[in-house]
Protein chains: 2
Amino acid sequence: MKKIPHPRKEDLELCSVLSALSDPVRLSIVKELIGRGECNCSFFCGFSLAKSTMSHHFKVLRESGLIMTTIKGTEYIHSVRKDELDSMFPGVLDSVLKSYDKRSK
Amino acid sequence: MKKIPHPRKEDLELCSVLSALSDPVRLSIVKELIGRGECNCSFFCGFSLAKSTMSHHFKVLRESGLIMTTIKGTEYIHSVRKDELDSMFPGVLDSVLKSYDKRSK
DNA sequence: TTAATAGTTCTATGAATATCGAACTATAAT
DNA sequence: ATTATAGTTCGATATTCATAGAACTATTAA
């Protein structure tokens, strides 16, 4: 059984989180995950990006501490580490996602 | 008399702002500017980065809409476009700077 | 007019990043 | 055992980025 490593909450860095969020693809992934709770990757095919590219973005999100990934069978279930992020960087995720909702592009 | 171009408030993009803030050097510049109000560059020599490198970072901050620069004599005066940012992306700058204050690194 | 000051712009470089296709891994279904 | 599924990892590429030194520009001071 494979296990995926995640950074500890205390080790999360603000700059890494901001960097992860500064990519439009990743920002919309996070937005989607927040909206749907848990989610496997199949929902993100609308990006018309290669599987390996999506995998890369999920990895960046995971390593920055933004998301958690668990394996269920052949599926990878992702979820936003919302509580931990809120406790480390209060208000950051909420304000970013709120501004993202109002975006033009 | 030289004049520096700035993006219009309405054209600011969330991802560009986040990207600009995701660099440690630029984040600390913004922090310093918020703390001091207006400021010329001379205060940032503590970074031990080349003049041209600092100039690059100020340019990135300016083009993302985070700061405004005016020229007074031979000095360049920078200030954070706080009100405009707050109106476009409410809470983002405040929460980021607050988290930055509590950082370990 | 000449020199000093403050910062930009240009050019170069090494590192990081977004992207993809191909090969691989692990689980589930037949 | 074979095949299908879901996603990772690897290798390559093209782009962007952080950095620096050298040359340049604009203003002020002498």
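Modeller: Chain A can be laid on chain B by a turn of 180° and a shift of 0.0 Å along the axis, with an RMSD of 0.0 Å. The superposition is by least squares on the C-alpha atoms of residues with pLDDT of at least 70 in both copies. The two copies are thus related as by a two-fold rotation axis. The same surface serves both, as 100% of the contact residues of chain A recur in chain B.

This is a predicted model, in which local features need pLDDT of at least 70 and side-chain atom pairs count only at pLDDT 80 or more, while totals for chains, interfaces and linings use all residues. Residues are numbered from 1 along each chain as its sequence is written, chains are lettered from A and ligands numbered from 1 in the order in which they are written, and side-chain values use heavy atoms, with hydrogens and water left out.

Colleague: How do you know that chain A is in contact with chain B?
Modeller: Contact means heavy atoms within 4.5 Å, and 21 residues of chain A are in contact with 21 residues of chain B. Across this interface the rule finds 0 salt bridges. The residues on the side of chain A that touches chain B comprise 12 nonpolar, 5 polar and 4 charged.

Colleague: What makes A:Arg36 and A:Glu32 a salt bridge?
Modeller: The term requires a side-chain nitrogen of Lys or Arg within 4 Å of a carboxyl oxygen of Asp or Glu. The N to O distance here is 2.7 Å, so the pair qualifies. Both residues lie in helix α2 of chain A, 4 residues apart, about one turn of the helix.

Colleague: Why is A:Arg81 called buried?
Modeller: Buried means under 20% relative accessible area, exposed over 50%, and partly exposed in between (1.4 Å probe, protein chains only). A:Arg81 has 7% relative accessibility and therefore counts as buried. Its salt-bridge partner A:Glu84, with closest N and O atoms 2.9 Å apart, is partly exposed at 27%.

Colleague: What makes B:Asp94 and B:Lys82 a salt bridge?
Modeller: Their closest N and O atoms are 3.1 Å apart, so the pair meets the rule. The pair links distant parts of the chain, B:Asp94 being in helix α5 and B:Lys82 in helix α4 of chain B, 12 residues apart. In chain A, salt bridges that share partners join A:Lys82, A:Asp86 and A:Asp94 into one network.

Technical notes. Nonpolar A, V, L, I, M, F, W, Y, C, P; charged D, E, K, R; others polar. Helix = DSSP H or I, 4+ residues; strand = E, 2+ residues; numbered from the N terminus.
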